[in-house]
Amino acid sequence: MSKSDLSEETELKKSGKIRWIVTGTILLILAISATVFLLYENNRVYGECYVEAGVEVTVQDFLREPDEQASFTGDSDTIDCAVPGEYHVRVKTGFFPHKSILYIIDSIAPTAEAVKVNLEIGKECEADLFVEQITDATAVTVSYVQEPDFSKSGIQEVKVMLTDAGGNQTEITSELFVSQVVEELTVEAGSAPPALKEFVIEGENASFITKIDGFDYTVPADKQVKLRVDGTDYTVTMHIVDTVPPKMNVKDIQSFTKVPRTPEDFVVSVEDVTEVALSFREEPDITAEGEQTVTVVATDKGGNETVKEARLTLAVDTEAPVITGVADLTVLAGSTVSYKKNVTVTDNCPEGLEFTVDNSAVNLSAEGEYPVVYIARDASGNETVETATVIVQPLVYDEREVYALADSVLAQIITPEMSQLEKVRAIYQYNITHIAYINHSEKESWVRAAYEGLVQKKGDCYVYACTAKVLLDRAGIHNMDIAKIPTSRNHYWNLVNLGDGWYHFDTTPRTDHPTIFMWTEEQLMAYSAQHHNSHNYDHTLYPEVN
């Protein structure tokens with residue numbers, strides 16, 4: 001081998017050795033990197049997680065470092081935070097899914113509030129009735145520590161045990177009251193008051209404290225009934241209920257369009273223990289000609305319904321009402337008129353018929369002739385109009401007529417056996433009870449004033465005094481008129497003499513309601529001085545008063 005060949009062989013060996021070193025170095029670096037990567041990936045998720053029952057669990061709870069893109073894989077167990085146990089999950093974070101185990105534990109005992117229970121003797125109940133507002137993250141069962149004696153009346157202590165899904169327990173103490181009477185009683189509306197035995201389950205001596213006969217059994221309501229059984233007082237809720245629907249009969253109607261209809265129009269009879277309200281299921285169309293079905297609903301106080309159907313057949317009404325008896329009227333001024341007296345209205349459809357009188361042009365207080373219009377209009381709008389004349393004649397006040405009116409009144413209030421004083425008192429009482437006070441009257445004629453008091457029964461002090469005057473005159477009582485000294489307010493009353501002198505007699509009502517009956521001068525003047533000289537008069541014009 002030549003020297004050159006040897007040198008070439010040496011170079012080749014050196015080159016191969018370098019390649020192996022480079023390759024080995026690269027492989028080593030890759031191996032180290034893979035190991036580091038795998039170690040990093042495997043340490044992204046906790047292998048085990050522990051959480052108290054009831055606490056919400058999210059994928060972030062399994063991560064050593066936050067990852068907003070992390071998620072549970074589809075083959076993970078479904079986590080129920082209210083059920084303790086072991087859950088296997090796979091968390092996708094980074095490049096690979098990672099396994100982890102979740103342990104949900106329950107270490108907190110349940111809590112609840114005790115509830116007192118009332119039961120009828122002989123009835124039983126589950127333990128969970130003795131507690132409420134149970135608080136725990138897991139499902140809780142309630143059981144008796146020792147089952148109570150449901151056949152023994154009175155109060156018993158009851159202990160119940162609350163046990164959650166984690167096996168934690170809490171004991172609650174409550175009370176059971178076993179009653180000798182029913183807890184509640186239902187009575188049908190309209191029935192007779194229930195007997196004592198319907199309330200009492202057992203007991204030797206029982207009686208009502210509440211008087212149940214006084215309840216209204218036709219109105220649904222809840223009533224509290226107190227009883228005493230073997231020396232113990234009880235309260236029972238009695239429910240008065242209405243479960244029976246009304247009985248109703250209906251009829252068909254043939255009529256005209258535009259006539260308003262109510263459910264009552266179709267009902268022949270309706271019977272129920274309680275009050276019944278009638279209604280339409282749908283309002284009938286009163287504008288539609290022809291036949292339609294109407295549904296009437298009867299609803300009682302208990303909400304029970306009876307539904308019946310009736311037929312409504314409608315035709316168009318073109319016939320106007322007929323007015324008869326309209327005639328001219330003659331009246332005296334100041335009197336009243338009955339415009340509809342002797343006037344009748346007929347129509348082929350009397351339902352919805354309107355009859356009005358327009359007397360707006362009539363003035364009954366002034367002499368003259370005035371038109372009055374009679375208008376009849378049916379539901380379809382057909383109308384008839386008639387016109388008459390009201391003739392108002394002047395009113396002549398006749399003294400003889402006033403005397404006759406006074407005699408008629410005296411015949412009703414005076415009897416022959418009465419004394420003069422009793423007659424005067426009867427006249428006084430008549431005036432104050434039959435005449436209404438108004439602050440005006442015409443003062444030109446005592447006859448007119450007396451007429452207004454006796455016929456119209458209203459007026460001011462002048463009317464009261466003149467009415468008393470004519471009654472006293474016709475009764476044979478000596479009297480005379482008297483008037484206050486004229487001021488901004490005048491006043492009139494009477495003087496009466498029964499044979500022993502003159503006395504004041506004033507029937508006009510006053511705000512303080514005095515009874516000025518046969519008053520002496522001293523009495524009246526004292527009253528007058530206290531009431532702004534209400535009866536101050538010129539003593540020189542009248543005889544001396546006692």
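Two strands are said to pair if DSSP finds at least two bridges between them, and I start there because the bridge partner I want to show first, Leu176 in β10 for Gln156, rests on that definition. Please keep in mind throughout that what we are looking at is a predicted model.

Strand β9, residues 154–164, and strand β10, residues 169–179, run antiparallel and are joined over 10 bridges. The two of them form a hairpin with four residues between them, and in that turn Gly167 has a positive phi of about 85°. Strand β9 also pairs with strand β8, residues 140–144, again in the antiparallel sense, this time over five bridges, and there the bridge partner of Val142 is Leu162 in β9.

Strand β11 runs parallel to β14, residues 232–241, and five bridges join the two.

Which residue of β14 stands opposite Val187? That residue is Ile240, and although Val187 and Ile240 are 53 residues apart along the chain, their C-alpha atoms are separated by 4.9 Å. Val187 itself lies in strand β11, and because its relative accessibility is 7%, under the 20% cut-off, Val187 counts as buried. Setting aside residues up to four places away in sequence, Val187 touches Ala192, Pro194 and Tyr217, and also Met238, His239, Ile240 and Val241.

Now to the helices, and to α3 in particular. Helix α3 covers residues 399–413, and at 1.5 Å a residue its 15 residues should span 21 Å, which agrees with the 21 Å that separates its end C-alpha atoms. Seen down the axis of α3, the buried residues fall within an arc of 100°, so they line one face of the helix. These buried residues are Val402, Ala406, Val409, Leu410 and Ile413, and they pack against α4 (420–434), α5 (446–456) and α6 (461–474). On the face turned away from that buried side, α3 carries the exposed residues Arg400, Ala411 and Gln412. At the N-terminal end, α3 is capped by Asp398, a side-chain oxygen of which lies 2.9 Å from the backbone nitrogen of Arg400.

My last stop is Ser441, which is found in the loop between β27, at 436–437, and α5. Is Ser441 buried or exposed? With a relative accessibility of 6%, Ser441 counts as buried. What does its side chain meet there? The side chain of Ser441 makes a polar contact, at 2.6 Å, with the side chain of Asp460. If we leave aside neighbours within four places in sequence, Ser441 is in contact with Glu452, Asp460, Tyr462 and Val463.

Technical notes
Residues are numbered from 1 along each chain as its sequence is written. This is a predicted model: local features need pLDDT of at least 70, side-chain atom pairs count only at pLDDT 80 or more; totals for chains, interfaces and linings use all residues. Side-chain values use heavy atoms; hydrogens and water are left out. The expected span of a helix is 1.5 Å times one less than its number of residues. Buried means under 20% relative accessible area, exposed over 50%, partly exposed in between (1.4 Å probe, protein chains only). The arc is that of the directions from the helix axis to the C-beta atoms. Contact means heavy atoms within 4.5 Å. A polar contact is a pair of N or O atoms within 3.5 Å; within protein, one must be able to donate a hydrogen and the other to accept it, and residues adjacent in sequence count only if both atoms are side-chain atoms.
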